[in-house]
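My notes follow, in the order I looked things up.

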Amino acid sequence: MDRTLGVCYYPEHWPMDIWADDAAQMVKAGLTWVRIGEFAWQRIEPAPGVFDWGWLDRAVEVLSQAGLKIVMGTPTATPPRWMIDKYPDMLPVDDQGRIRKFGSRRHYDFSHLGYRGEAVRIARLMGERYGAHPAIQAWQIDNEYDCHDTTLSYSDAARVGFQDWLAQRYQSTDVLNRAWGNVFWSMDYDSFDQIDLPNLTVTEPNPAHVLAFRRYSSDQVVAFNRAQVDVLREFTKAPLIHNYMGRITTFDHWAVGADLDIASWDSYPIGFLSDRLEGTPQEKQRFLRQGHPDNQAFHHDLYRAVGRGRMWVMEQQPGPVNWAPYNPAPLPGMARLWAWEAFAHGAETVCYFRWRQAAIAQEQMHAGLLRPDSAPAPALAECKQVARELRSLPAVGCAQAPVALVFDYDSAFAWDTQPQGADFDMFRLAFAAYRALRKLGVNIDILSPDASDLSQYKLVLAPGIMHLRNPLRAAIAGSDTLALIGPRTDTKTVELSIPTPMGPNIDGLDVTIALTESLPPTDAITLAQGGCFKHWFEHLEGTAQVFETTTSGQPAIMGAKNIRVLAGWPDDTTYVRILKDHCAEAGITTHDLPEGLRIRDTDTHRFVFNYAPEAQVWNGTTIPAAGVHWEAL
Amino acid sequence: MDRTLGVCYYPEHWPMDIWADDAAQMVKAGLTWVRIGEFAWQRIEPAPGVFDWGWLDRAVEVLSQAGLKIVMGTPTATPPRWMIDKYPDMLPVDDQGRIRKFGSRRHYDFSHLGYRGEAVRIARLMGERYGAHPAIQAWQIDNEYDCHDTTLSYSDAARVGFQDWLAQRYQSTDVLNRAWGNVFWSMDYDSFDQIDLPNLTVTEPNPAHVLAFRRYSSDQVVAFNRAQVDVLREFTKAPLIHNYMGRITTFDHWAVGADLDIASWDSYPIGFLSDRLEGTPQEKQRFLRQGHPDNQAFHHDLYRAVGRGRMWVMEQQPGPVNWAPYNPAPLPGMARLWAWEAFAHGAETVCYFRWRQAAIAQEQMHAGLLRPDSAPAPALAECKQVARELRSLPAVGCAQAPVALVFDYDSAFAWDTQPQGADFDMFRLAFAAYRALRKLGVNIDILSPDASDLSQYKLVLAPGIMHLRNPLRAAIAGSDTLALIGPRTDTKTVELSIPTPMGPNIDGLDVTIALTESLPPTDAITLAQGGCFKHWFEHLEGTAQVFETTTSGQPAIMGAKNIRVLAGWPDDTTYVRILKDHCAEAGITTHDLPEGLRIRDTDTHRFVFNYAPEAQVWNGTTIPAAGVHWEAL
Amino acid sequence: MDRTLGVCYYPEHWPMDIWADDAAQMVKAGLTWVRIGEFAWQRIEPAPGVFDWGWLDRAVEVLSQAGLKIVMGTPTATPPRWMIDKYPDMLPVDDQGRIRKFGSRRHYDFSHLGYRGEAVRIARLMGERYGAHPAIQAWQIDNEYDCHDTTLSYSDAARVGFQDWLAQRYQSTDVLNRAWGNVFWSMDYDSFDQIDLPNLTVTEPNPAHVLAFRRYSSDQVVAFNRAQVDVLREFTKAPLIHNYMGRITTFDHWAVGADLDIASWDSYPIGFLSDRLEGTPQEKQRFLRQGHPDNQAFHHDLYRAVGRGRMWVMEQQPGPVNWAPYNPAPLPGMARLWAWEAFAHGAETVCYFRWRQAAIAQEQMHAGLLRPDSAPAPALAECKQVARELRSLPAVGCAQAPVALVFDYDSAFAWDTQPQGADFDMFRLAFAAYRALRKLGVNIDILSPDASDLSQYKLVLAPGIMHLRNPLRAAIAGSDTLALIGPRTDTKTVELSIPTPMGPNIDGLDVTIALTESLPPTDAITLAQGGCFKHWFEHLEGTAQVFETTTSGQPAIMGAKNIRVLAGWPDDTTYVRILKDHCAEAGITTHDLPEGLRIRDTDTHRFVFNYAPEAQVWNGTTIPAAGVHWEAL
């Protein structure tokens with residue numbers, strides 16, 4: 001298929017008389033798509049029931065006349081100020097009980113049914129007006145769910161909704177009390193309306209209580225999104241999209257994605273490196289102007305799966321942003337590299353954010369393709385280069401990956417709730433496994449925990465999956481695919497208690513976890529074959545074969561048939577060693593990549609990306625810093 | 001006397017049909033005691049006035065039939081959910097004004113008289129039912145006062161109670177205004193009901209105001225405990241116990257202990273090392289799986305004194321816990337070492353916590369003697385070993401200690417209120433003195449600030465006692481016991497103002513504090529005889545003799561007769577040097593202990609404990625890591 | 001003019017019968033001034049409308065009879081407890097929405113008009129009673145505005161006042177919406193009463209909204225102060241003073257100062273070093289007992305300008321204080337050095353705080369000239385030495401400084417609101433420039449952003465001025481004074497949006513900022529001529545001359561005519577190098593000062609201060625640690 005470029009544009013921010021010129025320049029720059037509308041509710045409906053469609057009709061006409069395809073956004077992330085007068089209790093409440101006020105964005109509670117109705121109302125009106133417009137070839141619903149930690153709200157609306165959800169799920173408080181183990185500290189409830197939200201308790205609340213609230217909250221995101229999906233489907237056949245963010249694990253993206261046609265995400269490599277990824281100061285300095293070399297790929301692979309094969313980058317960082325603690329400029333070339341890396345991972349479209357840097361408000365220090373004075377910003381030339389290159393390069397198709405990594409949001413809820421070690425985190429663990437695979441140069445697919453067919457893969461990893469779902473459990477037990485599970489996989493019931501015996505419950509595998517240890521950063525469990533475990537170590541026992549041991553003789557990897565259980569969390573070097581061995585066993589070719597280089601194979605080409613701040617050599621070819629190289633396979 | 005082992009058990013968590021087998025296994029493991037009941041209020045009284053005693057009657061029968069002695073706990077740390085409907089204002093409030101909600105434990109306000117009445121009511125009912133049962137040979141009241149910072153509450157109940165307490169203490173606001181020095185910033189009050197709790201003031205409140213609130217709050221713990229003591233005494237002659245925690249200084253344990261028969265405490269060496277003790281990262285890593293080598297001994301000695309000679313460990317860590325930031329497993333052998341160390345310090349009974357690891361709720365990752373699947377956890381074998389050893393070892397009696405250390409909760413309140421240096425803390429100072437003595441291998445007694453007879457001791461330390469009480473003041477002045485006081489001893493009036501002149505006010509001693517300095521961690525005052533003061537330095541003057549000086553010639557130790565005043569807070573090495581000198585002067589034999597070894601003499605034996613993670617040699621005997629050695633004296 | 005010493009005194013804290021002796025001793029110590037009254041409202045008016053003037057009349061008589069001049073303070077920083085009953089809503093509210101309660105000081109909201117009326121009422125009563133008293137030769141209004149972060153309050157009073165202020169400023173919400181760019185995220189308002197305070201929003205509020213609230217809050221301080229000025233002017237011709245604090249940038253001191261006759265400040269060099277200045281641990285340890293060697297000079301120069309030439313130190317630290325995290329004693333000699341440094345910078349009077357250390361309440365650990373037991377504290381002898389030296393030294397006059405530094409509170413509001421890099425701060429940037437100049441040994445004047453005449457200066461620095469005001473813009477463009485502006489100068493409109501083009505808008509200068517980068521501490525932009533930029537870097541372009549480049553060839557300094565634009569924030573060494581070059585170009589003599597020495601020229605003498613903890617040599621003269629040297633020019 002054809003890969004395309006796009007850009008985010010806010011006609012409401014600029015004089016109407018420059019729109020046509022903006023559109024012409026976009027086309028000239030090689031852009032195919034333009035996203036509009038997602039924060040414009042107040043301009044569309046300045047007072048309740050009073051509409052001003054004219055400007056938006058005009059913007060659609062101007063852009064489509066220029067030949068651009070439009071992604072129309074529903075503006076539900078920014079309800080106007082009058083909405084708060086209508087529903088004063090729609091504002092979210094933080095975990096300290098403070099109302100999160102109007103004055104920025106995402107000031108709504110996913111549990112508030114009144115606001116949910118308003119969101120459906122405006123989506124319907126937009127669908128009615130624009131659903132059949134030929135230029136509008138995709139819709140974006142809302143904007144960046146959970147951004148600014150907005151999934152969890154501790155409002156009255158959330159409390160009442162949670163109580164209803166619990167009543168539906170458990171039917172009686174007796175069942176709930178047993179499921180949660182409320183006997184433990186006399187925490188039993190007599191009626192559902194006694195069950196408060198699990199914040200501000202004297203000490204930690206029952207983890208089963210917290211997990212239930214996390215699941216409830218995730219379900220509200222799904223329901224909020226689905227309500228708009230349902231109404232838009234009445235008016236349009238264009239694909240429906242949401243733009244997810246990076247490292248958000250507070251709602252189940254698999255479930256939201258199931259209702260949509262394409263998964264897109266907002267890729268801010270430099271901001272994310274600084275504000276949400278672990279790393280030593282040295283690593284953060286080395287990749288300061290490039291972003292983490294594996295973070296974009298991880299999210300491309302994740303969202304390609306969430307989108308069931310269809311993935312976009314809806315917002316691509318073009319220069320310094322405004323929201324990270326520090327905001328340096330990308331290395332020249334990165335705005336091109338990021339786009340190509342996205343295409344190599346299957347992105348259909350990469351939209352830069354935004355066309356022209358705003359001179360006003362919160363994001364005035366966020367770069368665009370143009371400066372506020374309309375002069376070209378550095379990324380514009382790189383965008384044009386990508387556009388040229390796209391014309392000459394054969395269509396980029398996805399290749400079958402030999403390795404799969406299971407990623408489970410429910411486990412992220414569980415480990416947030418009960419980390420047991422302060423630095424145990426689902427994303428961090430999965431990303432550690434992913435990084436090790438990337439260092440070996442293999443293509444990776446990310447799988448939902450509902451996966452039931454592993455036959456396309458030679459190796460599957462499932463670290464930290466709290467409770468294997470039955471289809472996956474059966475698939476692991478019944479396939480020839482080498483499966484490396486653990487640490488902490490299948491160690492909990494669905495209600496976050498301990499199954500007896502504890503440990504992976506897979507047919508043909510006799511491994512029990514006798515004891516669990518979390519390790520402070522100063523500590524490590526050394527392995528007889530080299531390297532060590534950090535963060536986490538499980539004392540395994542059972543009749544399964546011992547494949548590796550610690551230096552003190554405890555099992556480090558046990559297994560039977562095609563299944564291997566990892567007893568701890570390997571550090572980066574050790575993870576690479578272990579996965580290299582498993583790839584070899586599974587018959588997967590691996591590479592020894594120079595520092596900072598990453599590769600990705602499509603069905604026809606091998607792409608090589610240089611994230612290092614200096615040139616690196618690949619098979620005799622020198623690739624400059626921020627360089628992209630491709631060669632036919 | 002016979003030293004015994006026990007265990008904590010929650011029959012309500014397990015099917016009734018396994019209780020008998022559990023009891024049989026406990027006896028087989030060498031356990032004498034079993035503690036039950038302390039979180040079971042909801043199971044006893046599932047609705048207000050509706051009782052289900054059957055299961056508890058049965059549990060008592062099963063356990064006693066097996067030959068176990070029972071510690072029965074009053075369940076007042078976990079009032080059921082219906083209690084909150086009855087008394088919505090019984091929930092505690094944190095210092096930021098947030099209600100601390102139901103959903104975990106300790107969700108009650110010590111000041112709430114309605115709830116206090118309920119606690120007495122349930123204690124009475126339990127006393128009536130079980131007070132005469134022959135198997136119930138001890139009672140535990142409530143559980144871990146102050147755990148989760150629950151002594152201080154900023155509720156309306158606390159405010160009203162505090163105002164009454166102030167009215168009782170001062171009789172008139174004129175007296176209070178003068179005592180507190182409210183003239184200072186026009187802070188005078190006209191009536192007691194104007195006096196709010198000392199939180200959320202614009203800048204720091206009057207320290208006298210804070211100290212009064214700390215004393216009031218401590219008094220409420222005493223009163224809450226005493227109310228249950230009083231009612232239980234009507235029904236039982238068995239000893240009454242509370243299980244204190246480690247490093248809790250928010251209420252006066254001497255005062256609570258005065259109403260009870262035995263002081264017990266909950267010893268979690270690994271958790272405490274990580275979450276509440278100072279130490280360098282190197283020290284914390286070295287003792288990661290053993291706990292701090294002096295912390296258990298300190299608390300044994302402290303609580304032996306609080307219990308007026310009778311001390312238990314009510315909860316002994318058996319493996320990884322769930323509540324510290326990181327939760328590694330103990331070194332093999334530590335579950336035995338900790339028990340023996342407790343016995344050597346006079347513990348009558350050591351109860352492991354808990355029998356079987358719970359599969360549910362908050363503490364599901366907290367190890368027990370059994371795993372959730374009923375397989376033995378590592379500590380079980382160590383517990384059995386201790387039981388065997390106890391049978392062969394002569395009864396362990398307490399030896400007279402040559403050194404005493406005064407520990408004062410009122411001073412802890414004072415220095416929390418007015419640290420003057422950010423790291424000045426009563427426990428930290430007393431523990432520094434204690435550690436230095438332990439490195440010298442001497443037995444130590446801890447004394448209440450109400451001590452009035454020092455004649456059994458050759459050396460007494462009284463660091464950081466804000467205001468010496470008259471009996472102790474007289475005892476120091478009138479005895480031959482060498483007394484090392486300071487820093488900061490006797491530097492405040494009882495109302496936390498400065499006496500004139502400032503400095504210890506002891507007959508025959510002329511030492512005045514001319515100036516006080518608190519020192520940041522980067523700074524130190526070096527001493528002419530080697531070493532240095534950290535944290536704190538007082539410029540002493542007066543006619544008393546100068547025993548040591550700083551390198552710039554200021555007094556470091558002054559004194560007269562048997563009294564010495566320490567002008568600063570010695571660092572660890574310096575404290576050892578200074579105390580070695582004082583021990584020599586007092587005629588006390590000291591030892592030069594290998595790193596990680598600690599000794600404790602009973603009346604017949606010397607016990608040697610190896611806290612190091614590697615073997616150490618004591619008098620030619622190699623003691624393995626986590627090893628215990630004893631030899632007849 | 002004659003330089004004088006004074007002291008702060010609280011007769012209400014001490015028995016009346018020692019006042020006369022205190023006064024006699026003050027005079028004997030060489031003190032000329034005594035400040036009284038500023039916290040005594042409750043003693044003056046113990047109940048609403050009930051007055052006790054007697055003690056204050058007596059104090060005034062006793063002190064004046066001894067020959068002392070009196071600074072009378074209005075006691076409005078400490079309203080009595082009964083005031084809170086009258087105006088419960090006068091208490092300030094913090095940014096988390098918590099009421100800041102009575103019990104310390106500064107417990108009032110600047111926006112509360114009821115309390116403002118009370119402040120005027122008590123000022124009027126004091127003016128009536130003492131305005132004509134010959135001994136009362138100065139008045140202090142209130143005490144330390146903003147101390148304990150009291151400028152910003154998020155109360156209802158503030159909200160309503162802010163809405164009125166906005167209505168006055170913008171006249172219509174349409175104008176406001178456009179000025180703030182509220183279209184950005186549908187943040188438009190329909191009426192002024194919809195506009196809430198900019199705290200607790202879901203994510204950051206519109207920076208224009210925050211800046212408006214900062215300006216509003218600053219205006220309330222001005223108005224509160226002016227209300228008292230206006231009433232006191234009716235009764236006295238004595239100069240009116242406020243005592244500012246160090247590094248306070250939450251209100252516009254230029255605007256407050258415009259209504260007053262003298263600017264005074266409270267100089268706590270050791271406390272400020274520890275609690276509010278940046279510095280490495282090594283620097284903080286080196287100057288632990290001296291304070292930062294440039295901080296006092298900066299504030300002397302700043303407040304001399306705020307006072308339009310008239311400056312006092314109203315409170316001079318004499319020994320350890322009570323409020324910093326750690327409170328060590330000054331090096332012997334510092335209490336003298338600080339006083340002389342103040343005089344050399346133009347201070348008319350230096351008052352030590354306080355006469356006798358209080359034995360009570362919050363500041364009982366704050367040293368005075370006397371100890372609580374009335375023995376002399378170390379600073380008393382130093383105070384007497386200064387008094388002797390003042391008698392022999394010719395009057396100290398101010399010399400014309402060759403360099404000026406513009407300091408703008410409005411920019412401090414702006415960069416607090418939108419730092420873009422986490423460590424970008426107006427004071428920090430201005431102080432970096434100041435420090436570099438001080439290392440070069442030049443006299444410095446600080447200028448208001450309203451400055452319009454630069455003709456007395458050879459060099460003017462204007463770093464970080466968000467928006468140059470027109471008179472200064474014109475003065476820079478129209479003078480021969482070498483002007484070094486940037487980084488970040490003139491980069492915003494007055495409403496905190498981006499002007500187009502971005503960059504300094506000065507006639508004859510063509511420099512545009514193409515891109516802005518903030519840099520984490522690990523990063524730096526190296527310069528071809530040596531050194532580097534930290535924190536901040538702007539990509540400059542335009543037709544102006546390039547004077548310096550980075551090592552990668554980008555402009556580091558550009559300029560035209562007398563104007564130079566600095567593209568980044570030089571690190572300390574680099575700033576010295578760059579300013580040395582610019583001083584040379586401007587014909588200003590610079591010095592190469594030994595580490596820790598600082599100089600200041602008066603019209604007749606050169607003063608040399610040794611802040612180092614060891615002796616240093618100046619022109620062959622050895623100056624001991626904490627030493628002061630002067631030589632005729």
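**Chain contacts.** I call two residues in contact if their C-beta atoms, placed from the backbone, lie within 7 Å. On that rule, 49 residues of chain C are in contact with 40 residues of chain B. On the chain C side, α2 (41–44), α4 (81–86) and α11 (281–286) each give two or more residues. Helices here are DSSP runs of H or I, at least four residues, and strands are E runs of at least two, numbered from the N terminus. I sorted that chain C side by class and got 24 nonpolar, 14 polar and 11 charged residues. My classes: Ala, Val, Leu, Ile, Met, Phe, Trp, Tyr, Cys and Pro count as nonpolar, Asp, Glu, Lys and Arg as charged, and the others, Gly among them, as polar.

**Housekeeping.** I am working from a predicted model, where local features need pLDDT of at least 70 and side-chain atom pairs count only at pLDDT 80 or more, while totals for chains, interfaces and linings use all residues. Residues are numbered from 1 along each chain as its sequence is written, and chains are lettered from A and ligands numbered from 1 in the order in which they are written.

**Chain B against chain A.** I looked here next and found 49 residues of chain B in contact with 40 residues of chain A. The chain B side draws at least two residues from each of α2 (41–44), α4 (81–86) and α11 (281–286). Its classes come out as 24 nonpolar, 14 polar and 11 charged.

**Domains of chain A.** How is chain A divided? I have domain 1 (4–151 + 221–392), domain 2 (157–208) and domain 3 (403–586); the bounds come from an automatic or database domain assignment. The centres of domains 2 and 3 of chain A, taken over C-alpha atoms, are 31 Å apart. Their contact takes five residues from domain 2 and five residues from domain 3. On the domain 2 side, α7 (173–180) and α8 (207–233) each supply at least two residues. That side splits into four nonpolar, one polar and no charged residues.

**Buried spots.** My cut-offs: a residue is buried if 20 or more other C-beta atoms lie within 10 Å of its own, exposed if 12 or fewer, and partly exposed in between, with C-beta atoms placed from the backbone.

P79(A) sits in the loop between β3 (69–73) and α4 (81–86) of chain A. Buried or exposed, I wondered of P79(A)? P79(A) is buried, because 25 other C-beta atoms lie within 10 Å. Beyond its neighbours within four places in sequence, P79(A) is in contact with W41(A), H107(A), Y108(A), Y115(A) and E118(A).

Q140(C) is in strand β4 (residues 136–140) of chain C. Q140(C) has 24 C-beta neighbours inside 10 Å, so I count it as buried.

A544(C) lies in the loop between β15 (532–541) and β16 (545–549) of chain C. With 23 other C-beta atoms within 10 Å, A544(C) is buried too. Not counting residues up to four places away in sequence, A544(C) touches L509(C), D510(C), V511(C), M558(C), G559(C) and A560(C).

**Helix α13 of chain C.** I checked residues 334–344 and found 11 of the 11 buried, so this helix is largely enclosed by the rest of the structure. Among the buried residues are R336(C), W338(C), W340(C), E341(C) and F343(C). Just after α13(C), G346(C) takes a positive phi of about 105 degrees.

**Helix pair in chain C.** α1 (residues 19–28) and α3 (residues 54–65) of chain C pack at about 35 degrees, with their axes 8 Å apart. The axes are lines fitted to C-alpha atoms over the stretch in contact, and angles run from 0 to 180 degrees between N-to-C directions. W19(C), A20(C) and A23(C) of α1(C) meet A59(C), V62(C) and L63(C) of α3(C). By class, that contact has six nonpolar, no polar and no charged residues.

**Core.** Last, I looked up the largest nonpolar core, which has 635 residues. Such a core is a set of buried Ala, Val, Leu, Ile, Met, Phe, Trp, Tyr and Cys residues joined through C-beta atoms within 7 Å. L405 and V406 of chains A, B and C have the most contacts inside it. I followed up L405(A): beyond four places in sequence, its contacts include A430(A), Y434(A), I444(A) and L461(A).
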